[in-house]
Amino acid sequence: METKKKYINLDIKSFGMIAALIIIFIIFYVMTKGSNATPTNINNLIMQNGYIIILATGMLLCVLTGYIDLGVGSVVALGAACAAKLVVEQGWAVPLAWLVAVAIGLAIGIFAGFFIAYLDIPPFVVTLATMLMGRGLTYTLLKSLTVGPLPADYSFIGVGFLPTIKVPFGGGQIDLVCVIVAAVVSVGLIFSEMKTIRTNNKYGFANLVPWQMVIKDVVILVIVWFFFTRLGMYNGIPIQLLVLAVIVGIYHFITSKTVAGRQIYAMGGNAKAASLSGVNTRKVFFWVYVNMGVLASIAGIVLSARQGGANPKMGDGVEMDAIASCYIGGAAASGGVGTIIGAVVGALVMGVLNNGMSMCGMSTDLQKVVKGAVLLGAVVLDVSTKKKKG
Amino acid sequence: MSEIILEMKHITKAFSGVKALDDVNFQVEKGEIHALCGENGAGKSTLMNVLSGVYPHGTYEGDIIYKGETCKFHRIKDSESKGIVIIHQELALSPYLSIAENVFMGNEQLSMRGVIDWTKTRERAKEALAHVGLQNENLNAPVNTLGVGKQQLIEIAKAMAKNVELLILDEPTAALNDEESAQLLEIMLELKKAGVTCIIISHKLNEISYVADSITILRDGKTIETLRKGVDEWSEDRIIKGMVGREMNNRYPVRDNCPIGDVVMEVKNWNAYHPEISDKQILKDINIKVRAGEVVGLAGLMGAGRTEFAMSLFGHSYGQKISGEVYMHGKKVSTKTVKDAIDNKIAYTSEDRKTYGLVLMNDIKTNMTMAALRAYYANGQIVNERKENLDAEEYKEKINVKATSIHQTVGSLSGGNQQKVVLAKWMMTHPDVLILDEPTRGIDVGAKYEIYCAINDMAREGKAIIVISSEMQEIIGTCDRAYVINEGRIAGELGREELSQENIMKCIMASNGKGEE
């Protein structure tokens, strides 16, 4: 056996988008003279983009199979409309209303999944249909009117915060809970890195080049501390962040560590080969779309909670934001390539762009142009670096 | 003697520092059929890509002298305008377009102002097709209604329509059966008579020694030698010696210490129908059995139903209205889904590794564990990545996959190494029966030998192995026993001693047309 230590380089691609996110943030920091980094704005970034991140997580699975789901915007609206109507007009208990919303998402997911997986109808067609049908049902249900305002026990999931322990800090106050969370994350990160190195050494697997690992971890820690101290200086940890952390955590785990995740990647990469390796590709297809429906309804709940009501136009076009997030985050349009973290970073890139441009006073019309250019640029960069490699 | 049409001098081409071609010299005489031989990765395709302008002038060193002038091709169009046409292994036909449209794809016959002149197109298509003996085909039929053999001929017609003078064929017979191959070789000889110079890249040495006038052998990016028919020693063994750099006395390793045991799998009365045409019976009453430690061949012509049998058996992946019984170790089992088949210890490696065997964008490790993941590399749903890495390393060493690490993407490997990954993938499911469909298609002599060794090792471990191959030599060289399949039924069973090319053909001939009544 060789005793020579093996090292591998950091995968530039997976951290390229994080670098881009930081650069975009810094550009707007300069342009807005620092006002995009205020505690209020950092908090807003999460609150405004939470539902997009939830959608992007689900959408990534669809993108991994090589297709997209166009219907999510309508599911967001229909789920939210039902929940809001039940709570406001029928006086239902909030959890029960939410359950109905999720059930609607589930039903639409099963509907789409059935046509896609078992009748071999192209996902583009099926989800275009669910998009139209869902939107139409929402207008019918709401009679084209807005429902609201929503009670506090509904809206807390969109605008609420975890309890805080405020202590004086600098000129103002900071929430100790945020500091503790940041500390726990830091310690956890260092421990997990050490554990990885130990396992790698034990089994002779290659480690990351040390200086690259240090840079990677320092960057992550700086982001974590910056983020949580800003939140602490505002009002503590938003409930939305908690929801996001749970969802992103679960899906990151599913895609990277489970058989189901591996099957999605295998199928997206080569459906025929996956099928001949014992992957039930129909089942995978079905569940990916069912899952998307459920996540879209959860996104709808969060969005309506934040807006304090539901209206028939809500969530219009968000499917495109979710799809764009995946592509910006490095997912391949042909399927088989992409990560949850990438999709989340992609969503944040879009969020930071939106937020920064609004603060600079740019019109929403022009914002769309910039977003389109960024999407195209990110994918061009991705494709051209891949070409160079092989 | 005759004039030199093409000379490539001191060609050196490097990919990110690694030399794929190292000072290669290559000469082709006008009007000859010149074969280019070498193992996979020897640089044959790279050399042809340099010639045709796929790698533009300036990305390589050296000179190309064609018909006496030094050429600098910047794109394929440049070389085509000089009459050099390359036909790649993967056919460049558009399946739903008609034969005539395909013949002139990229070379449309126009009347004024860029409008297609259909009369001219048909007329000239007919002329071009006459060169390859397809003038009687329906010009308006979509090409996907033709078999692969005819599609290959359409490619040649397409080249003829471009007024080709130097035709390059990269593995033209890889996907063809013996009969179609023979037909293609005859057409090459016809073209030679018509004055077309041909360069052919092929692994099928019997074809090369039949058709070629001279052979240039490449090894590790260097020209080793050029052999001329009638001048140098001219035999398959001689060519192999040049390719591998040593004598290969036995292309098929001997399988000793391999006792044959009890019947492991038995298939009874297997029937299946065409997946789209429900009254067309593809497989008729097939009965076979394989024993532990035994290598059984399924011989037959392409389209005889061997792959269809294997795939319908393996999780009903082909056909409909499938009936019949499968017994493993004497116990009846179901193979209705691929998962059932895997759980019952059956493995199947497809003849088309890129389409059905591998996820090319994924790494070696992920591909290797793909089929065994649930059974051996997961606790419930959670993947045990450490065990995956360890076993992938082990198998990589065991069957000698040449790669920098198990994390290299499979798409970047050569055909032989990809095939080894497919083999490892199924070895990792610990099967009792392995069905290997064309396990050495399109791979070089050295890798073939390694695959045969792996087959022998598995047989020694007591596994039952079924080899499907269109190369009769391979069946004869590797199998203890063989079933001949023709027109979807068993046309005969041949033991070790009776196993010969003549006997296989006899079985096929005797059964031809029998299944019609």
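Trainee: Among contacts in chain A between residues at least 6 apart in sequence, what percentage join residues at least 24 apart?
Mentor: The model is predicted. Two residues count as in contact if their C-beta atoms lie within 7 Å. Taking the contacts in chain A between residues at least 6 apart in sequence, the share that joins residues at least 24 apart is 79%.

Trainee: What radius of gyration does chain A have, against that of a compact globule?
Mentor: The C-alpha trace of chain A spans about 70 × 65 × 40 Å along its principal axes. For 390 residues, a compact globule would have a radius of gyration near 21 Å. Chain A agrees with this, at 22 Å.

Trainee: How many residues of chain B touch chain A, and how do they divide into nonpolar, polar and charged?
Mentor: Chain A gives 20 residues to the contact and chain B gives 25. Helix H10 (338-343) and helix H14 (385-398) of chain B are among the elements that each supply at least two residues of the chain B side. The residues of that side divide into 14 nonpolar, 8 polar and 3 charged.

Trainee: Which strands stand at the edges of the open sheet of 6 strands in chain B?
Mentor: The order in this sheet of chain B is E6-E7-E8-E3-E9-E10, with mixed pairing. An edge strand has a single partner strand, so one side of it is left without a neighbour in the sheet. In chain B, the strands at the edges are E6 (84-87) and E10 (222-228).

Trainee: Which residue is the bridge partner of B:His34 in E8(B)?
Mentor: Strand E3 (residues 33-37) of chain B runs parallel to strand E8 (residues 197-201) of chain B, and 4 bridges join them. In E8(B), the partner of B:His34 is B:Ile199.

Methods. Residues numbered from 1 in each chain as written. Chains lettered and ligands numbered in written order. Predicted model: local features only at pLDDT ≥ 70, side-chain atom pairs only at ≥ 80, totals over all residues. Rg over C-alpha atoms; globule rule 2.2 N^0.38 Å. Nonpolar A, V, L, I, M, F, W, Y, C, P; charged D, E, K, R; others polar. Pairing = 2+ DSSP bridges.
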